[in-house]
Amino acid sequence: MEFLYYPGCTLSTTAKILDKQARSIAAALDLSFTEIENWQCCGATFPLNADEIAPKLAAVRALIQARNQNKPLVTLCAACHHVMKQVNHQAKNDADFRTAITSYDADLFYAGEATVLHFMEVLRDYVGFDALRDLLEYPLKGRKIGAYYGCMLLRPSDVMGFDDAENPQIFEEYIRALGAVPVSYPMRNECCGGYRAPEDALGCANLVERIAKSAAGRGAETLITACPLCLYQMVEHSGGAVDVCYFTEILAEALGVDDDDDDSND
């Protein structure tokens with residue numbers, strides 16, 4: 001199965017180990033990941049003003065590559081996934097937006113033809129959790145793991161289509177497929193507050209600590225997330241209530257492709 005891969009800024013800089021693990025996982029699962037050529041930062045946030053065009057052009061260029069190569073566009077970052085999915089939806093449904101992007105460059109005509117996927121959707125819909133279970137070298141037996149969804153994967157639900165925004169289950173199914181015990185807790189869909197941290201660092205830290213304690217209170221030993229910003233917030237401010245890692249890290253461990261060659265600072 002062939003996909004175009006958009007790593008995004010964080011997985012290309014401070015979190016390169018996550019990018020490395022993802023590529024190793026893809027190879028182990030017989031998935032072909034081809035990195036987008038000359039990709040640019042997606043901007044990390046989707047501008048809500050319909051007539052704000054320039055910040056969306058990086059996503060348009062990536063989506064055009066996916067359309068032209070007839071391959072789904074895959075990312076591991078919830079923020080990148082959110083922006084790509086939103087821009088794709090706007091291009092498909094807003095004729096004025098399509099006209100506006102060609103005013104910047106006539107070669108940028110795009111009408112939302114690409115498919116945008118989070119890597120978790122690839123695992124569920126292309127590999128299959130049952131098939132994934134059969135490939136594990138080291139099932140995570142007995143591990144109690146909570147999923148921290150955050151907000152960007154799920155909302156707006158009619159655009160993202162990732163899972164039920166109020167009661168998502170994809171990460172719990174994933175955790176179960178890896179042999180671990182999924183732990184559900186009240187604050188798993190709450191925003192970590194990461195985007196307002198520069199203005200209210202203490203308030204965000206308190207929020208994250210409440211989320212971590214919510215999970216620990218239900219028996220979670222580990223939290224997994226699919227957003228680099230959520231990961232940073234949780235690692236920095238969880239207060240040691242639970243261990244925190246990226247969702248790919250536990251899969252790399254279970255598949256036996258995890259290693260100690262952390263070159264994230266190269």
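Helices (H or I, at least four residues) and strands (E, at least two) are DSSP runs here, numbered from the N terminus.

I am working on a predicted model, where local features need pLDDT of at least 70, side-chain atom pairs count only at pLDDT 80 or more, and totals for chains, interfaces and linings use all residues. Residues are numbered from 1 along each chain as its sequence is written, and side-chain values use heavy atoms, with hydrogens and water left out.

I started with Asp 30, which sits in the loop between H1 and E2. Its phi is near 65°, a positive value in a residue other than glycine. I also wanted its burial class, using these cut-offs: buried is under 20% relative accessible area, exposed is over 50%, and partly exposed is in between (1.4 Å probe, protein chains only). Asp 30 has 65% relative accessibility, so it counts as exposed.

Next I looked up Ala 44, in the loop between E2 and helix H2 (57-69). Ala 44 is not a glycine either, yet it has a positive phi of about 70°. Its relative accessibility is 27%, so I put it down as partly exposed.

Then I checked Pro 156, in the loop between strand E5 (144-148) and helix H7 (157-160).

**Domains.** I have the protein divided into domain 1 (2-119) and domain 2 (129-255); these bounds come from an automatic or database domain assignment. Their centres, taken over C-alpha atoms, are separated by 23 Å. I take contact to mean heavy atoms within 4.5 Å. With that, 19 residues of domain 1 are in contact with 21 residues of domain 2.

**First sheet.** I traced an open sheet of four strands in the order E2-E1-E3-E4, with parallel pairing. Two strands pair if DSSP finds at least two bridges between them. E2 and strand E4 (116-118) stand at the edges with a single partner strand each, so one side of each has no neighbour in the sheet. Neighbouring strands here are turned by 40° against each other on average, direction ignored; for such angles, axes are lines fitted to C-alpha atoms, for helices over the stretch in contact, and angles run from 0 to 180 degrees between N-to-C directions.

Strand E1 (residues 2-5) and strand E2 (residues 32-35) pair in the parallel sense over four bridges, and Phe 3 has Phe 33 in E2 as its bridge partner. From E1 the chain passes through helix H1 (residues 16-28) to E2, a right-handed β-α-β crossover. Right-handed means that, with the strands pointing away from the viewer, the path from the first strand over the helix to the second runs clockwise. E1 is also joined to strand E3 (residues 73-75) by two bridges, running parallel, and there I found Tyr 5 opposite Val 74.

I found another open sheet of four strands, ordered E6-E5-E7-E8, with parallel pairing. Strand E6 (181-183) and strand E8 (243-246) are at its edges, each with a single partner strand, so one side of each is left without a neighbour in the sheet.

I looked up Thr 222 in strand E7 (residues 222-225). Its relative accessible area is 9%, so it is buried. Leaving aside neighbours within four places in sequence, Thr 222 is in contact with Lys 144, Ile 145, Gly 146, Asp 243 and Cys 245.

**Core.** Which residues of the largest nonpolar core touch the most other members? I get Phe 119, Leu 123, Phe 171, Tyr 174 and Phe 247, out of 95 residues. Domain 1 (2-119) and domain 2 (129-255) each supply at least three residues to this core. A nonpolar core is a set of buried Ala, Val, Leu, Ile, Met, Phe, Trp, Tyr and Cys residues joined through side-chain atoms within 4.5 Å. Beyond neighbours within four places in sequence, the contacts of Phe 247 include Leu 76, Phe 119, Leu 123, Phe 171 and Tyr 174.
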